[in-house]
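This report goes through one structure, starting with a helix and what surrounds it. It then turns to domains, sheets and a few single residues.

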Amino acid sequence: MLINTWYVACDAVDVPHDKPKQVRMLGHDFALFRDGAGKINCVSDICVHRGASLSHGRIHKGCLECPYHGWRYKGDGACAEIPAHPDARVPKKVRVDSYPVEERYGWVWVFLGDLPEAQRPPIPVVPEYTDPTRRPVRGTFLWKANYGRVVENGVDFGHAAFVHPSFGDRDRPEVMNHVMEESEWSAKASIAMRPPAYRGIWKYLRRTERENVTASPEWHIGGLCIVLRLQITPKWANVLIDVNTPIDENTTLTHWILLRNFFTSKFFDKDTTRRNLKIFEQDQEVIGRLAPMELPTRVQDEYSVQSDGMMVAFRKKREELYRRGWGLDSKLYNDTMKGIKAAVIPSPARGEDPKGWVFPEAPRLVMPESDQRIAAE
Ligand code: FES
Ligand SMILES: [Fe+2]
């Protein structure tokens with residue numbers, strides 16, 4: 001899994017004002033809590049004293065109070081008070097990792113990593129979110145699938161014809177030529193897709209051939225976000241924003257918002273939600289059974305064709321980031337530390353000051369230097 005990017009932890013409205021909330025991301029637990037000003041903070045869930053779960057504590061004067069011996073942590077992770085020794089100075093080392101938090105699109109975004117602000121991949125910008133002519137519906141979907149497989153699926157042009165009968169046509173599965181544009185933290189493309197022929201009553205009402213739908217997907221490293229714009233008719237358009245948070249290597253939580261400019265009355269919300277979830281369920285059927293479940297690190301570990309361009313670009317970017325040291329070595333962590341020794345996702349304060357922490361950071365992937373070495377292993 002990837003550190004040094006933003007992930008959506010939950011909906012902002014789901015963070016209570018009077019108590020902390022636990023969230024799991026990247027195989028680790030975090031505590032979200034609101035300080036005295038109502039601002040949401042995110043800290044590692046493990047108390048440095050005896051390992052209690054801070055998210056099971058309470059909020060005391062804007063601090064997060066540990067449920068075990070009451071040590072009180074501020075939003076920046078520093079311990080403000082050890083109640084058993086009220087007059088003693090609290091050493092600097094008594095602190096937990098605290099992660100930058102932003103509220104955007106009604107979601108709580110948390111930066112999980114140790115990079116300074118200027119070097120962080122950005123949170124994606126989706127202008128349609130504030131367009132008053134768009135009607136939003138939102139929800140979540142829990143995948144039994146690896147996050148990399150989920151992201152690739154979201155920008156995969158070739159599978160609609162075989163997996164999604166509502167918008168692909170298996171009799172016309174050809175993927176038309178398209179151009180892809182890549183930038184440092186994202187890629188986008190636009191393609192004409194052939195929708196399935198009209199069925200049922202629509203067949204009699206509309207005798208003409210259905211027009212192509214233009215699909216314009218983007219992937220972003222920020223939030224492992226996919227933005228999918230569909231121009232369904234010259235007037236009807238929708239935008240799906242989905243962010244993909246790895247809970248662990250093979251469980252991914254998607255938060256999604258679908259904005260439509262047609263059938264904008266509330267009456268159609270339920271049906272829109274149902275249709276969107278059905279599409280995720282169709283994907284789950286396939287991507288929950290891929291071998292291996294995890295996305296292979298290198299492009300050449302599977303065979304790709306021209307229509308896989310967006311997926312290939314994502315996989316290459318992820319490999320580049322792994323080579324920069326942004327990958328977590330979950331296998332090493334699970335085999336040597338889990339249940340035995342606390343380890344945490346590093347925060348920006350750790351980047352500035354790597355020493356003086358009670359717990360070590362979770363181990364990172366060390367990438368083999370060359371492909372020859374991979375081949376030899
Ligand atoms: S375990 Fe948290 S204060 Fe003791
Ligand atoms: Fe799909």
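The buried residues of helix H4 are covered by a set of elements that includes strand E12 (135–143), H1, helix H2 (160–163) and strand E18 (251–260). Cover is a matter of contact here, two residues being in contact if their C-beta atoms, placed from the backbone, lie within 7 Å. Helices (H or I, at least four residues) and strands (E, at least two) are DSSP runs, numbered from the N terminus. This is a predicted model, in which local features need pLDDT of at least 70 and side-chain atom pairs count only at pLDDT 80 or more, while totals for chains, interfaces and linings use all residues. Residues are numbered from 1 along each chain as its sequence is written, and chains are lettered from A and ligands numbered from 1 in the order in which they are written.

H4 spans residues 269–287, 19 residues in total, and its first and last C-alpha atoms are 27 Å apart, close to the 27 Å expected at 1.5 Å a residue. The expected span is 1.5 Å times one less than the number of residues. The buried residues of H4 are Asn276, Phe280, Asp283 and Ile287. They line one face of the helix, because they fall within an arc of 55° when seen down the axis of H4. That arc is taken over the directions from the helix axis to the C-beta atoms. An α-helix has 3.6 residues a turn, so residues three or four places apart point the same way. On the face of H4 turned away from the buried side are the exposed residues Lys270, Asp271, Arg274, Lys278, Glu281 and Glu285. A residue is buried if 20 or more other C-beta atoms lie within 10 Å of its own, exposed if 12 or fewer, and partly exposed in between, with C-beta atoms placed from the backbone.

Helix H1 (residues 147–154), one of the elements covering H4, is mostly covered, with eight of its eight residues buried. Among them are Tyr147, Arg149, Glu152 and Asn153.

Phe141 lies in strand E12. Leaving aside neighbours within four places in sequence, Phe141 is in contact with Thr254, Trp256, Leu277 and Phe280. Its C-alpha is 24 Å from that of Val312, 171 residues away in sequence.

## Domains

The domain assignment, which is of an automatic or database kind, gives domain 1 (1–119 + 328–377) and domain 2 (127–318). Their centres, taken over C-alpha atoms, are separated by 32 Å. Domain 1 gives 14 residues to the contact and domain 2 gives 15 residues. On the side of domain 1 that touches domain 2, the elements that give two or more residues are strand E1 (5–11), strand E2 (21–25) and strand E11 (107–112). E1 supplies the largest share of that side, four residues. By type, the residues of that side are 10 nonpolar, three polar and one charged. Ala, Val, Leu, Ile, Met, Phe, Trp, Tyr, Cys and Pro count as nonpolar, Asp, Glu, Lys and Arg as charged, and the others, Gly among them, as polar.

## Strands and sheets

Five of the seven residues of E1 are buried, so E1 is largely enclosed by the rest of the structure. Two strands pair if DSSP finds at least two bridges between them. E1 runs antiparallel to E11, to which six bridges join it, and Cys10 has Val108 as its bridge partner in E11.

E2 belongs to an open sheet of four strands in the order E2-E3-E4-E9, with antiparallel pairing. E2 and strand E9 (98–99) stand at the edges with a single partner strand each, so one side of each has no neighbour in the sheet. Strand E3 (residues 28–34) and strand E4 (residues 40–44) are joined by five bridges.

Another open sheet has four strands in the order E5-E6-E7-E8, also with antiparallel pairing. Here strand E5 (58–60) and strand E8 (79–81) are at the edges, each with a single partner strand, so one side of each is left without a neighbour in the sheet.

## Single residues

| Residue | C-beta neighbours within 10 Å | Class |
|---|---|---|
| Asn4 | 22 neighbours | buried |
| Phe263 | 13 neighbours | partly exposed |
| Glu352 | 9 neighbours | exposed |

Most residues other than glycine have a negative phi, and most peptide bonds are trans. Asn4, in the segment before E1, has a positive phi of about 65°. Phe263, in the loop between E18 and H4, has a positive phi of about 45°. A cis peptide bond joins Ala291 and Pro292, with omega about -10°.
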